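My entries follow the structure.

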Amino acid sequence: MHDFCFRKNSLYCEDLPVASLAKRFGTPLFVYSSKTIIDHYSKIKAAFKKLDPLICYSAKVNSNLSVMKLLVARGAGLDIVSGGELYRARLVNCPAKKIVYASVGKTDREIKEAISYGILMFTVESLPELARINALAKKLRTKVDIGLRFNPEVKPKTHSYIVTGAKETKFGMDADTLKNIFLRRRSYSHLNIVGIHIHVGSQITESKPYLAAIKKVKILVQQLSREGISLKFFDIGGGLGIIYDKEKPQTAKTFAEKVLPLLKEISLKVILEPGRFIVGNAGILVTKVLYLKDTSRKKFIIVDSGMNDLIRPSLYGAYHKIVPVNKNSNFEFRNSKLADVVGPICESGDFLGKDRDLNVKEGDFLAVMAAGAYSFSMSSNYNSRPRAAEVLVKNGKAYLVRRRESYTDLVKGESIR
Ligand SMILES: *Cc1c(COP(=O)(O)O)cnc(C)c1O
């Protein structure tokens with residue numbers, strides 16, 4: 001469910017017409033619905049109510065401060081993957097004890113900053129990282145809580161780039177490595193190993209890979225318990241899939257029903273790290289049609305937004321629905337052929353959608369749907385294009401939560417030598 005709906009022939013975000021937002025703030029423009037974000041967060045919360053988990057929103061998915069604040073203000077913690085995200089977490093006053101920090105490549109500086117802030121735990125992804133955090137904690141004369149990221153060797157059905165729980169990926173450690181670390185835990189004098197973490201992938205529509213991974217964790221936790229080793233946290237990561245096209249993903253409720261029995265047996269404090277599920281369908285990218293180009297082979301709808309704003313189609317071959325913001329446009333570009341919706345970037349991989357049946361004319365606005373997750377946060381300045389503006393609709397009003405970049409923003413920090 002989301003709050004982007006047509007009334008008559010016009011697309012609305014909550015109670016505001018998207019066309020007027022596009023005129024007021026310009027295009028390309030990301031528009032987010034606070035109602036949808038809160039609704040999705042509440043759905044996860046309700047589904048797992050019995051366990052009272054800590055829900056750490058995955059900041060990398062949409063790291064706009066206002067989006068993060070919406071969730072933090074409602075009790076969410078944050079799952080971070082960099083020092084920059086820790087900086088954002090501080091700006092939105094996220095309590096330190098609600099922050100978990102994963103990433104295979106934490107730098108010394110990032111580790112020290114997170115230790116000083118007093119985060120709940122690091123999710124450690126390798127042996128050398130474990131030694132490094134131990135050494136840095138020693139230097140800072142403190143003891144640090146950590147979780148170990150377990151690579152459960154499951155392969156969810158999703159794009160290979162977003163499978164993270166398979167053996168051949170760089171993430172986490174295998175069961176034997178984990179066991180060895182636990183058995184040798186006293187050699188890490190400045191670490192408390194308090195948790196176990198999994199994150200098997202993203203845009204996962206079924207519960208199977210989760211169940212397989214959680215079962216492996218259960219075995220591991222039981223083995224450790226026999227060795228007298230007890231843990232506090234089990235972080236099951238994120239990954240819940242959403243509807244982009246014709247997917248029929250598990251709902252928060254059906255997902256919870258499947259995994260709750262196992263989680264109860266493991267009986268550790270559960271941490272969830274949802275990202276896409278919360279914000280994916282809570283955002284759209286609004287773009288303007290610049291030109292209609294008809295060639296003998298193909299038809300192109302050239303728009304003012306491209307892969308620098310939304311790289312998912314180019315990077316993953318991801319599908320995003322594209323709809324006219326006003327359906328009553330004159331049919332100038334009749335659908336004799338299907339059209340590719342392409343951007344101005346000098347790359348053939350620069351497209352937002354392929355073979356679409358769209359009747360539009362120059363100047364029309366198009367909405368690229370489900371662009372709330374991994375969209376702005378993955379955007380770039382490629383081709384020296386200022387990044388898009390972001391608007392949050394909240395309580396009947398539209399707030400500019402990130403202004404459009406200017407040309408001077410583009411060269412900020414550069415010098416001519
Ligand atoms: C990216 C990420 C998430 C969020 O994944 P979604 O599929 O967006 O829910 C959660 N945990 C970790 C460790 C991640 O890297």
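This is a predicted model: local features need pLDDT of at least 70, side-chain atom pairs count only at pLDDT 80 or more; totals for chains, interfaces and linings use all residues.

A polar contact here is a pair of N or O atoms within 3.5 Å. A polar backbone atom of Gly 275 is 3.0 Å from an oxygen atom of the ligand. A polar backbone atom of Gly 239 is 2.7 Å from an oxygen atom of the ligand. Glu 273 uses its side chain: a polar atom there lies 2.6 Å from a nitrogen atom of the ligand. How much of the ligand's accessible area does the protein cover? I found 95% of the 390 Å² that the ligand has on its own (Shrake-Rupley method, 1.4 Å probe).

Notes on the values. Numbering runs from 1 along each chain as its sequence is written, and side-chain values use heavy atoms, with hydrogens and water left out. Local features need pLDDT of at least 70, side-chain atom pairs count only at pLDDT 80 or more, and totals for chains, interfaces and linings use all residues.

Entry two, the shell. I listed 15 residues around the ligand (a heavy atom within 4 Å). Lys 60, Ser 202, Gly 239, Glu 273 and Tyr 374 come nearest. By class, the shell has four nonpolar, seven polar and four charged residues. Gly counts as polar in this scheme.

The ligand takes up the space of the largest pocket. A pocket is an open set of points on a 1 Å grid over the protein atoms alone, with protein on both sides within 12 Å along at least five of seven lines. Where does the largest pocket lie? It lies between domain 1 (4-31 + 280-411) and domain 2 (63-274), because both give residues to its lining. The domain bounds come from an automatic or database assignment.

Note on methods: A polar contact is a pair of N or O atoms within 3.5 Å; within protein, one must be able to donate a hydrogen and the other to accept it, and residues adjacent in sequence count only if both atoms are side-chain atoms. On a 1 Å grid over the protein atoms alone, a cavity is a set of points where a 1.4 Å probe fits but cannot get out, and a pocket is an open set with protein on both sides within 12 Å along at least five of seven lines; lining residues have an atom within 4 Å of a point. A molecule sits in a cavity or pocket if more than half of its atoms lie within 2 Å of its grid points.
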